[in-house]
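Look over the sequence and the model first, then read on.

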Amino acid sequence: MDKFLFLFGEGIKNLWRHKLTVFTSVFSIFLVLVVVGVLFIAEQNTQKLIEYMRSKYKIEVFFVDSITDKQAEQIVLEIRKIPGVYSTTLITKDQALQIYQSQFNEDLLEFLDYNPLPSSCVVNITRKKDGLLHVKPIINKIQSMKGVDSVNHQGRLINRIEKFYEKGLLGLSIVAFAIMLVTVMIISNTIKLTIYSKKDLIQALKMIGATNSFIRMPFILEGIFQSVLGASLAAGLLYGAVFGVNVLLGQLTSFTLHVQWTFLGWLFLIAVVISLFGSSRAISRFVK
Amino acid sequence: MIKLENASYSFKKGFSLSNIDLTIDDGEFVFLIGPTGSGKTTMLRLIYMNILPDSGVVRVGKYSSNSIKKRKIPQLRRSIGMISQDYHLLADRNLFENVALPLHVIGYSKSDMGDLVIEMIEEVGLTGKENHLPDELSGGEQQRACLARALIKDPDIILADEPTGNLDPVTAFDLVKLLEKVNAEGTTVFMASHNYSLIKSRNHRIVEIHGGKLRS
């Protein structure tokens, strides 16, 4: 127990004794974890952002003038069955007239003897879909239906957004993978450098008869303390940043960043595992 | 007892120790003399089993190089106090903490070690410097601190590798006298040096090594 307390104390004291190397180490752990965290948050919110964008996609379908409400209802039911269609709203001729009157405060029937507005339908596209959403086939299918006069859509814009999303997702995955590799290397090398700078201590401990585990323990504990410290700082910054960004976004749009905070646990785990791996590898060079 | 029986060791770069036969009895004080690069440090490393012989056997107390398990080597080293020319004191710990380090390794509690450390610091003449860092001590004081660290665990053997190498003649002589005092209390001392003038007047056995071979 005395030995354990001593080793535990040494792990903590070493943080103070080697302030500069510890600062370098904690700072680099902090930096890479912030980058990893930002990627985590970006990944989590890309899907939410694209769903938000898709909720704004609208296809307006106008029916021929001669169509009855019943026929229009039938076509709307057909449209609803097309894969990729999330919801449909039928606007009958009478409803269109009411909308016109309420928006423009004019009664068309006063100066026209008939209702010139066609029946129409607003089509919303599905939001939840992994990967690229193709709207062109949906539009083509609607256009080919009997009774459909014209279709208003933002097909080009939607296609652009979808392609951008697809490329972004691929880019994000590549960057995340590269960052993870760099993270492992940076944290593990920083810890290695810290241990190399303490060759004298290791030599002295060997000479006085310290066992390998006695020599290893303070380094491993120090590595864990450093990674927990770096991860705590990174978690604090990320939490604060998400909070700040959401306050800002809340004033501009209904879209806010959504974060599953359990990922912070992963951040700590990554840091600790990498530091354990790094310190064990580095110390094994001196303690065989 | 330290016993080297036909012990040989070769480094990859070419230098080797060849067929060393040497016995040092318990409580003996032996000087190992030879020029720089003659193999003195290698011989000491063989004794504290930092390296193991390619052939032959090294026996230290109950431990033998041909049967010792890796995990037992720290136990052997706990019965040996090492002092060297480079001191190997920890620069970021004060004298008290440096001297106390071996007791932590053995598993002493903090409350038990205080008096022992103070006593040992007093024995090597460094009382009042407990809170000094190594670089606040002179070369001679650092070497005495090193000796205190070696002695605190009450070792059976002291191995001294050129302990006077960085000291002026007077301080070097004081250190040898200190080692003799330790030896008089029953500790075996094996001290390597290339300073013949320092040791010739002392009444101890001298073993000479040259080019990796012992001379009688």
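Are B:Glu162 and B:Lys40 buried or exposed? Both residues are buried. Keep in mind that this is a predicted model.

**Salt bridges**
- Over all chains, the structure holds nine salt bridges.
- One of them joins A:Lys93 to A:Asp65, with the closest N and O atoms 2.8 Å apart. A:Lys93 sits in helix H4 (residues 93-104) of chain A, while A:Asp65 is in the loop between strand E1 (58-63) and helix H3 (69-80). The two are 28 residues apart. A:Lys93 counts as buried because its relative accessibility is 18%, under the 20% cut-off.
- In chain B, B:Glu162 and B:Lys40 form a salt bridge, with 3.3 Å between the closest N and O atoms. B:Glu162 lies in the loop between strand E7 (157-161) and helix H6 (169-184), and B:Lys40 in helix H1 (residues 40-47). They are 122 residues apart.
- B:Arg59 and B:Glu5 also meet in a salt bridge, at 2.9 Å from N to O. B:Arg59 is in strand E4 (residues 55-60) and B:Glu5 in strand E1 (residues 2-10), so the pair ties together parts 54 residues apart in sequence. Both are partly exposed: B:Arg59 at 32% and B:Glu5 at 25%.

**Surface charge**
- A patch of negative charge on the surface gathers B:Asp115, B:Glu119, B:Glu122, B:Glu123 and B:Glu185.
- B:Glu122 belongs to helix H4 (residues 110-123) of chain B. B:Glu122 is exposed, with a relative accessible area of 54%.

**Domains**
- Chain A is divided into domain 1 (2-51 + 162-283) and domain 2 (58-153).
- The C-alpha centres of these domains lie 54 Å apart.

Definitions and conventions
Residues are numbered from 1 along each chain as its sequence is written. Chains are lettered from A and ligands numbered from 1 in the order in which they are written. This is a predicted model: local features need pLDDT of at least 70, side-chain atom pairs count only at pLDDT 80 or more; totals for chains, interfaces and linings use all residues. Side-chain values use heavy atoms; hydrogens and water are left out. Patches are made of residues with over 30% relative accessible area and no salt bridge: like charges are joined within 9 Å, nonpolar side chains (Val, Leu, Ile, Met, Phe, Trp, Tyr) within 5 Å. Accessible areas come from the Shrake-Rupley method with a 1.4 Å probe; for residues, only the protein chains shown count as cover. A salt bridge is a side-chain nitrogen of Lys or Arg within 4 Å of a carboxyl oxygen of Asp or Glu. Lys and Arg count as positive and Asp and Glu as negative; His and the chain ends are not counted. The place of a charge is taken as NZ of Lys, CZ of Arg, CG of Asp or CD of Glu. Helices (H or I, at least four residues) and strands (E, at least two) are DSSP runs, numbered from the N terminus. Buried means under 20% relative accessible area, exposed over 50%, partly exposed in between (1.4 Å probe, protein chains only). Domain bounds come from an automatic or database domain assignment.
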